[in-house]
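Subject: Structure handover

Hello,

Here is the structure I said I would pass on. My notes on what turned up follow below it.

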Amino acid sequence: MIRMSLIGAGFIGSVHATNLAAHPGVEFVGVADIDTARAVALADRHETRALDVAEALDPAVVDAVLIASSTDTHAQHLRAAAAAGLACLCEKPIDLDLQLATEVVSEVASGVGANARPMMVDFNRRFDRDYAELARLAGDGALGTVELVQMTTRGPVLPPLDYIAVSGGQMRDQTVHFFDLARWITGEDPESVYATGTVFTDPRMADLGDVDTSAVTLRMPSGTLVQIDSVRRTAYGYDERIEVLGSDGMAESDRQRTGAVTRYGRGQVTLDGLHPGWFERVAPTYRSALDHFVSAVASGTQIGPSLHEALKAQAIAEAAATSLRTGQAEQITYPALNSVG
């Protein structure tokens with residue numbers, strides 16, 4: 001049993017708490033949160049303890065920590081976990097500031113707490129069964145040379161403006177998951193990115209320097225192109241899908257519906273609809289990501305996505321955000337680390 005604590009008792013923290021409490025390989029030691037009452041309520045729900053942050057990062061108490069606190073605290077908790085020699089599963093991003101995120105990863109990798117155990121960033125869509133199959137087919141050469149990848153990420157409703165204001169914008173918050181998937185599926189780091197976007201929902205989005213609808217093109221060193229359309233608000237539910245076109249064939253992960261029933265009537269065919277929100281669509285991937293983390297920590301096998309891989313996805317997002325502002329294709333500069341994290 002791996003003793004694990006959780007830092008963060010908000011919405012995503014509550015998701016992780018449910019998975020930690022149910023995992024057969026985890027002893028769920030407790031929950032820490034800046035809001036003590038919220039930590040107590042979540043701990044009571046899962047029959048564990050409310051902790052302070054020091055306890056949640058104490059190697060005498062835990063073997064690993066799951067960081068699901070506010071984004072601006074991820075970096076400090078990662079540093080503390082590394083110094084304590086704890087394994088760590090952290091929500092993305094490491095920090096919205098790419099320079100600070102790079103410094104943290106360099107420190108962890110180069111020995112600030114040289115006894116640090118494996119660290120993983122929870123880009124959970126890698127643990128979607130269908131996306132994993134696309135990555136396998138592309139990597140095995142079953143599709144021939146990958147030439148074009150089409151990705152769609154469309155949310156059902158515009159998030160609250162106070163969330164958008166601190167999210168880093170669509171490129172860093174929403175599309176970044178697909179920047180990571182693009183690297184993973186193609187096995188390449190994109191060289192350049194072009195992004196364009198607009199606002200169709202609330203005009204105050206523009207005041208925040210953000211968009212709700214965007215199209216991005218990544219160019220890989222091999223010449224492979226990746227196109228990603230991202231939408232904050234649809235009128236029909238949560239829509240996420242990927243198509244990989246190769247020289248010898250094509251594979252796709254289609255829209256996931258709430259069911260597989262098709263009803264036939266006079267001149268009409270009715271299908272089950274889409275999930276109402278992003279969480280309903282991806283909920284199983286959080287459990288699968290935790291499974292991977294626990295298994296890798298227990299067995300000493302390779303863990304991922306690593307901190308270094310998360311930095312690369314963030315670097316793409318930074319260049320894409322710049323492209324949105326300049327209206328030009330931007331070269332992507334990847335962070336130089338003291339060591340690979």
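Arg38 and Asp33 form a salt bridge, with the closest N and O atoms 3.2 Å apart. Arg38 is partly exposed, at a relative accessible area of 38%, whereas Asp33 is buried, at 13%. Please keep in mind that this is a predicted model.

A search of the whole structure gives 22 salt bridges. Two others involve Asp173. In one, Asp173 pairs with Lys92, the closest N and O atoms being 3.4 Å apart. Asp173 lies in helix α8 and Lys92 in the loop between β5 and α5, so this pair ties together parts that are 81 residues apart in sequence. Both Asp173 and Lys92 are buried.

In the other, Arg232 forms a salt bridge with Asp173, with a closest N to O distance of 3.1 Å. Arg232 sits in the loop between β10 and β11, 59 residues from Asp173, and Arg232 is buried as well.

On the fold: 7 strands make an open sheet of mixed pairing, in the order β12-β11-β7-β10-β9-β8-β15. Its edge strands are β12 and β15. Helix α6 packs on the sheet and touches β7, β11 and β12, its direction making about 160 degrees with that of β12. Helix α11 lies across β8, β9 and β15, at about 55 degrees to β8. Strands β8 and β9 pair in the antiparallel sense over 7 bridges, with Tyr194 opposite Thr217 in β9.

Regards

Conventions. Residues numbered from 1 in each chain as written. Predicted model: local features only at pLDDT ≥ 70, side-chain atom pairs only at ≥ 80, totals over all residues. Heavy atoms only, no water. Pairing = 2+ DSSP bridges. Helix = DSSP H or I, 4+ residues; strand = E, 2+ residues; numbered from the N terminus. Contact = heavy atoms within 4.5 Å. Axes fitted to C-alpha atoms, helices over the stretch in contact; angles between N-to-C directions. Salt bridge = Lys/Arg side-chain N within 4 Å of Asp/Glu carboxyl O. Buried < 20%, exposed > 50% of the residue type's maximum accessible area, 1.4 Å probe, protein only.
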